[in-house]
Amino acid sequence: MKYVGLLLFFLIAPLSAQTHLEIPQSKNPSKGIILRRTGYTVSFNKEYNIPNWVAWKLDKNRLAEKVSRKGYRFNPDPDINEKDAVVTQDYANSGYDRGHMCPAGDSRWSGQAMKESFYMTNICPQHPNLNGGDWHELEKACRRWAMESTIYIVCGPILYKNPLYGTIGKEHKIRVPEAFFKVILAGVEKGEPRAIGFIYKNTTGNKPLDSYVNSIDQVERITGLDFFPDLPDDIENRIEKECHLEEW
């Protein structure tokens, strides 16, 4: 097993240094515009005015608390036409929080990264109890895991064919997701890759983390996305079938 680990290290470590392992592939890339930020990459859906997905890397260096989120405000994305750009007022009196996909808590390593985490292209309508509760607990768990190994994260909304919640916003119509996903890859640099997925309904709830666990394969079937496609196929196929929270 020692030699297998060494082989995996030499196969994967150069790959992780040269590519963006966190970027997924979509069956419908035309439905999103790609915006690359200091701390994350987003595929933004201009039809629904929410991201299709947001992807980023998190490690010890990016957990350095160099800036506070105090003083930063939600702002329209400067790369979206001014008349089309979602503004914070579109969420007013909606009953939904402005839920970060890439969290402000993952962006404290850079003032620019923090500023961009508040762009409305990184935001989805999220039930307040979910945003401040179980979803927030997963964000904190990711930061704990990133202290041990670089992790690659992708998250975003899940939309049903028959919408449950409709839209919010007066000036700009914003689709309210029925659920959210998050997938995480870790252990690549150590030659011990592992991956896990989570799905949360966009509603109230107070459950343990293992209640939301899914395999990457399951999340791919639901979202139509291909996660971590730059991994060698045999490794990708193996780790995306597994979902063992006790390994995290």
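Val183 stands opposite Gly197 in strand E11, at a place where two strands pair (pairing requires at least two DSSP bridges between them). Strand E10 (residues 179-186) and strand E11 (residues 194-201) are joined in the antiparallel sense over eight bridges. Both belong to an open sheet of seven strands with antiparallel pairing, in the order E2-E3-E4-E7-E10-E11-E12. At the edges stand strand E2 (33-36) and strand E12 (213-214), each with a single partner strand, so one side of each has no neighbour in the sheet.

The model is a predicted one, in which local features need pLDDT of at least 70 and side-chain atom pairs pLDDT 80 or more, while totals for chains, interfaces and linings use all residues. Residues are numbered from 1 along each chain as its sequence is written, and side-chain values use heavy atoms, without hydrogens and water.

Stepping back to the whole chain, six helices and 13 strands make up its secondary structure; these are DSSP runs numbered from the N terminus, helices being H or I of at least four residues and strands E of at least two. The C-alpha trace spans about 60 × 40 × 35 Å along its principal axes. The radius of gyration of the chain is 18 Å, which agrees with the value near 18 Å for a compact globule of 248 residues (taken over C-alpha atoms; the rule is 2.2 Å times the number of residues to the power 0.38).

Of the 248 residues, 53% count as buried (under 20% relative accessible area, 1.4 Å probe, protein chains only). Among contacts (heavy atoms within 4.5 Å) with a separation of 6 or more, 69% join residues 24 or more positions apart.

Notes: Buried means under 20% relative accessible area, exposed over 50%, partly exposed in between (1.4 Å probe, protein chains only).
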